[in-house]
Amino acid sequence: MPRLPSLCLTLALLASLSLPAAEARVFDPRTFTLANGMEVVVVEDHRAPVVTHMVWYRVGAADEPPLKSGIAHFLEHLMFKGTPGIPPGEFSRIVARNGGRDNAFTAQDYTGYFQDVAKDRLELVMRMEADRMVNLVLTDELVLPERQVVLEERSQRTDNNPRALLGEQMQAMQFLAHPYRIPVIGWEHEIRQLTRQDALEFYRRHYAPNNAILIVAGDVTADEVRQLAERHYGPIPRREIAPRLRPQEPPQLAERRVSMEDQRVREPSWSRSYVAPAQKAGEAGMPYALTVLAEILGGGRTSRMQRALVLGDGPASSAGAWYDGTALDYGRFGLYATPKNGVGIEKLEAAMERVIAEIQRDGVTDAELARAKAGLEAAAIYARDSMSNAARTLGAALTSGLTVADVEAWPERIAAVTREDVQAAAREVLDLRRSVTGILLPKVRS
Amino acid sequence: MHRLARLLTLATVLLLPGLWQPLAAQPKIERVTTALGIEAWLVREPSIPMIALEAAWRDAGWAAEPAERGGLARILATMLTEGAGELDSQAYQVRLEELAVSVSFSADRDEFRGSLRTLTRNREEAFRLFGEALARPRMDSEPLERRRQQALIRLSREQEEPGSIGSRALFAAAFPDHPYGRNPSGTPESLKALSAADLDSFRQRHLGRDNLVIGVVGDIDADELRRLLEATFAGLPAKRVQVSIPDIAPALDAKPIVIPRDMPQSQVQFIGAGIGRDDPDFYAAFVMNYVLGGGGFNSRLMEEVREKRGLAYSVNAYLAPMRHSAIHIGSFGTQNERAAEALDVVRRELRRMRDEGMSEQELQNAKTYLNGSFPLQLSSNSRIAGMLLRMQIDRLGIDYVEKRPGHIDAVTLEDIRRVARRLLDPDNLLVVVVGKPVGIGG
């Protein structure tokens, strides 16, 4: 949910979902903690004289109080409305006037703010980011039009798009109790009720140095960042932060399904997602096997799903699989497919079930495992090409309960995955009692 | 206490930006030429063991396909990675995956493009596979039928998306009876009629060595690259067949076109007159548009439409120079009930810029941003490779990176006024709205 749509951002986010990593090291970051508890991560990259400066808060949509869905994201928008030192709307103008770009994003488990600037502008943006960590000023004149902006954002992303609406329904069915069931942007009827006071309460409760992570990537050294961070973030007092207590899921007893018809839809589609384990600090195992499983099952053009469903006379026009294991509480494993013209959804789903059953029964081959690992290991090297990708990957990991060591250990944990691990992961996670299946169909006007 | 101190230093910094000059960030670009005359621009970057190559063929985009073969160029782009030489589609893809090499092609409006990414250690085989895809694609019938099916479904899905629906209608109205007005995804009839021979003919006619430009960034030196380029591209014809596409000005005189769709938000797109990339006033127009609608949160359109009135989540405008035309194009999404109001605000801002230009401060701020942010575009290998390609496609010269700040700095308020009067005409704007707008059209 960034404040402005941006292709780069979307790509970076996608990349961070699949958590890329490398050979012996991935991003090779330096870390330290300020006296007030603010964590700092520095990724040195001296290819160009620029830096990415990010502050991540350990708070997201899943930390919202009841009746206030969307407040984390709304506050993210309002963080640009000024302080006693920065007039409303000036934050981004100052960044631009200094040759920089800025934006922000909100997810279930985190909220982040960033500026990309020339390295000699780092202190300026750091000073401004530290300022708004504690000095935000909001008036109704600023808050109410911004609430309209958020409603338009919701229309544009979700309500105008039947595929997004179905995704929202599926997410809501996936979790009975856990707040991941609520969309990050919020339910429309609740967004309409959000107030200045709601935003300020959320801000005071969660925005503090000891609940934040500073990540700087680029042409800078850890010592330089330490000096600047101590100067600007160091004086901000720590604050009592309540633990992130969230309702946990009761056992799921049966599969869940949702079928939606919409007259805007021209082509039917099928998808399914399963609740899956998320990565845990210091642990290898299942999440890494699931990463490999997603590759073998539906990651590329030689995958099981491609061969069985798409090539030749297969029932699908396209098909794939994904795993998102960077989350504080639950990960998800997903499958999707679009039928070829004239093929019924039931036939497509039956073929998909056969692919799943086969991998559960017979496991994967050595060649499949080697190919998947080669791609994942290389992804860790390619990931180093983008500074902001490095910062996003580290930020998402750290706000989801992982450590820098977990990110750096990603390649070796992937390398350690065996055929047996992949098969066991498929048997445990691809279970209908963890699943929601969603079907989207054209609605014929009568 | 520290809060006050911080505010004081902040104020000091805020006064300075006009004096600030961005740091020089100029990658060293080498021109690498082979015996056959194949040329690439190279930036050597040994810090990551990878190589990124971007290639483009001028005048070989979808606009070059015959009218009755709509969708050809895009299908060809997908078919080039469906097997080459002795390797059938699956064998080719298995080979790429084993080596973690990525090979892809795409068809833009004016150029056909290819992209290769490899770890340095696999470069030999990676370049070979890329060259095979270009020179000896198999065009087998299974992948062709599959890709045809996918293209038909894609075409149908475009009719679900308000943005695609709108831009189809917009370009069809702006460029009637011209390739630019056609749907690059083709039509059901044209897709069904495409044959392997059509694809191969397009490839052989348009993907030559004389219209090829290449950008390479990564862990490779000039000698090694020269050897690999020669081996990779030698199989292409020395000369492509010239296409003749007429230059055209967009037709702007239509009334707003409303495409009714049952949605809460109207998606609005508009086109006005544009300016060529090689026009002497291009940089003036570029700076003018930055202030008007190109500057993210800081543009006038953003301020008036979003910040002041909450009418839209995003609103933007940008210049789109093309090989045979040029447009100024913008878009926003707004609730149906206030669509007319939002469109009025946009027209008012176009008029204000045309009649009053901008302030000295706005001009200075725009220059600082456009020059200061340029190094951000050169912060990764893949971005630099993309820039190397753009510089060659647009014939900007190998010293463009050094010269660009001077072009921006040279723009005056008088230039802005002249170019605003030349381009902006709020009463002569082609507008397409998808949704249920109140107070627009019919």
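## Terms and model

The model is a predicted one.

## Chain B as a whole

Chain B contains 16 helices and 13 strands. The radius of gyration of chain B is 24 Å, close to the 22 Å that the globule rule gives for 442 residues, so chain B is as compact as a globular protein of that length. Along the principal axes, the C-alpha atoms of chain B fill a box of roughly 65 × 55 × 45 Å.

Of the 442 residues in chain B, 59% count as buried, and the accessible surface of the chain comes to about 17,200 Å², with 51% of that surface belonging to carbon and sulfur atoms. Among the contacts in chain B with a separation of 6 or more, 81% are made by residues 24 or more positions apart.

Six strands of chain B form an open sheet with mixed pairing, in the order β1-β2-β8-β3-β7-β6. Its edge strands are β1 (30-33) and β6 (102-107) of chain B, each of which pairs on one side only. On average, and with direction ignored, neighbouring strands of this sheet are turned by 20° against each other.

Within chain B, strand β3 (residues 50-58) and strand β7 (residues 111-119) run antiparallel and are joined by nine bridges; one of the residues involved is Met50(B), whose bridge partner in β7(B) is Leu119(B). Helix α9 (residues 222-233) of chain B packs on the sheet, where it touches β1, β2 (39-44), β3 and β8 (212-218) of chain B, and the direction of α9 makes about 45° with that of β1(B). Helix α14 (residues 381-393) of chain B lies across β2, β3, β7 and β8 of chain B and runs at about 155° to β8(B).

## A mostly covered helix

Helix α11 (residues 300-307) of chain B is mostly covered, since seven of its eight residues are buried. The buried residues of α11(B) are Arg300(B), Leu301(B), Met302(B), Glu304(B), Val305(B), Arg306(B) and Glu307(B).

What do the buried residues of α11(B) pack against? In chain A they pack against α2 (71-78) and α5 (140-159), and in chain B against α10 (282-294), β11 (315-321), α12 (339-356) and α13 (360-372).

How values were computed: Residues numbered from 1 in each chain as written. Chains lettered and ligands numbered in written order. Predicted model: local features only at pLDDT ≥ 70, side-chain atom pairs only at ≥ 80, totals over all residues. Heavy atoms only, no water. Buried < 20%, exposed > 50% of the residue type's maximum accessible area, 1.4 Å probe, protein only. Helix = DSSP H or I, 4+ residues; strand = E, 2+ residues; numbered from the N terminus. Contact = heavy atoms within 4.5 Å. Pairing = 2+ DSSP bridges. Axes fitted to C-alpha atoms, helices over the stretch in contact; angles between N-to-C directions. Rg over C-alpha atoms; globule rule 2.2 N^0.38 Å. Areas by Shrake-Rupley, 256 points an atom, 1.4 Å probe, with all protein chains shown as cover.
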